[in-house]
Every structure is written in structure tokens, then in C-alpha cells.
Amino acid sequence: MKVLEYKNYHGSVEVDIEGNVLYGKVLGLGKNVLISYEGRTVSEFYQSFKDGVDAYLGDCVAAGIEPEISFGGVVRRADLAVAGVAID
């Protein structure tokens, strides 16, 4: 299974064949935080993931709150299962 990583955030990789799009979300954040991203190419998809993480971090700074870290910076099989990610 492939997982994206950027600044200690980990994201899922999903494929919509009919829509011809890659999509995902940052894994392991609290239920009140959702960072999702998509792209039609791998480079567009990865840039969307990085932009989403950067926007979240910027919003946290602007609001004066501590950002959550996905999985505490470590991806574990149990965390992926809880997040609903298929484990090969």
C-alpha cells in the first residue's frame, strides 16, 4: 500500500477509474479535521496533498492553535486499519 508523506503528515492514495482522478485524505487526524486532495496526474495529486497540509498548518498558525499530527508521525498498520485504509 502506498502512503504519501509530507511534514510528518501521511495521506491515502485512492483511484477513481471512472472519474479518471486520484484522491485521498490525510490519515490519523481528529474527527473535526479533514484534509482532502485530488489530482488528474501523479504530480498534480502530490502537489494538492502538500498544498492541503500547508494550508492546514497556515490556518492553525492564523488561529493560534496547535496543529494535529497524523499518527504522531509514524504510520502503523493498526492506525491504517482504524482509518479505514485497506492493508495488503
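User: What does contact mean for Ser 12, and which residues does Ser 12 meet in this predicted model?

Analyst: Contact means heavy atoms within 4.5 Å. Leaving aside neighbours within four places in sequence, Ser 12 is in contact with Leu 4, Tyr 23, Gly 24, Lys 25, Leu 27, Tyr 37 and Phe 45. Ser 12 itself sits in the loop that joins strand E2 (9–11) to strand E3 (14–16).

User: Why is Ser 12 called buried?

Analyst: The relative accessible area of Ser 12 is 7%. Buried means under 20%, and Ser 12 is therefore classed as buried.

User: What makes Ser 70 buried, and where does Ser 70 lie?

Analyst: Ser 70 has a relative accessible area of 0%, and the limit for a buried residue is under 20%; Ser 70 is therefore buried. Ser 70 belongs to the loop between helix H1 (42–63) and helix H2 (77–82).

User: How do you know that the side chain of Ser 70 makes a polar contact with the backbone nitrogen of His 10?

Analyst: The side chain of Ser 70 reaches that nitrogen at 2.9 Å, and a polar contact requires N or O atoms within 3.5 Å.

User: What share of the protein is buried?

Analyst: Buried residues make up 31% of the 88 residues. The protein comprises 2 helices and 5 strands, in the order β-β-β-β-β-α-α along the sequence.

How values were computed:
Residues numbered from 1 in each chain as written. Predicted model: local features only at pLDDT ≥ 70, side-chain atom pairs only at ≥ 80, totals over all residues. Heavy atoms only, no water. Helix = DSSP H or I, 4+ residues; strand = E, 2+ residues; numbered from the N terminus. Buried < 20%, exposed > 50% of the residue type's maximum accessible area, 1.4 Å probe, protein only. Polar contact = N/O pair within 3.5 Å; in protein donor to acceptor, adjacent residues only side chain to side chain.
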